[in-house]
Amino acid sequence: MIKGEGAKKHHVYQIIVQVGGEQWTVYRRYAEFRSFHKLLVGKQQYFSKLDLPGKTHFNRKVPSVVEDRRGKLEVYLQRVTSCLADRKQGVDSLTMDLHRAPCKASVTSAIHFLREQEEQEDIYRGF
């Protein structure tokens, strides 16, 4: 989805999160994905193996380029959540709640990136 006007025009990616019987929607810009990736790699080097799609300098508003990036971001998030759900790759004690009681509260507590805008304090403070 496109937000802003003129020079401030940018794409926002819709993330539909489903955990158990709960579902919520989060919107993020590509820059937020990059910050999230850097945070993950800072916590555990293992995450550097996951491919975050590269930054696009040209044609970034062309629908086919946007769709290609969207698909790659989706795969990236699936791999991140799979790694976090894997006890061997768990990043810290916060992720333990994901194993004991996976629900919206435990997911958004451990992974701030997946918080809805109105409940998001600072996604760069934690996951």
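1. The chain holds four helices and four strands, taken as DSSP runs numbered from the N terminus (helices H or I, at least four residues; strands E, at least two). Their order from the N terminus is β-β-β-β-α-α-α-α.

2. The model is predicted, so local features need pLDDT of at least 70 and side-chain atom pairs pLDDT 80 or more, while totals for chains, interfaces and linings use all residues. Residues are numbered from 1 along each chain as its sequence is written, and side-chain values use heavy atoms, without hydrogens and water.

3. Of the 127 residues in the chain, 40% are buried (under 20% relative accessible area, 1.4 Å probe, protein chains only).

4. Helix α1 covers residues 30-43; its 14 residues should span 20 Å at 1.5 Å a residue, and the end C-alpha atoms are 20 Å apart, in agreement. The expected span is 1.5 Å times one less than the number of residues. Its buried residues include Tyr30, Phe33, Phe36 and Leu40, as well as Glu32 and His37. The buried residues of α1 pack against β3, β4 (22-28) and α2, a contact being heavy atoms within 4.5 Å.

5. The largest pocket has about 620 Å³ of space, a volume being the space filled by probe spheres set on the grid points, which are joined across faces, edges and corners. A pocket is an open set of points on a 1 Å grid over the protein atoms alone, where a 1.4 Å probe fits, with protein on both sides within 12 Å along at least five of seven lines; lining residues have an atom within 4 Å of a point.

6. Of the 22 lining residues, Ile16, Val17, Leu77, Thr81 and Leu114 lie nearest the pocket's centre. The largest share of the lining, eight residues, comes from α2.

Definitions and conventions: Buried means under 20% relative accessible area, exposed over 50%, partly exposed in between (1.4 Å probe, protein chains only).
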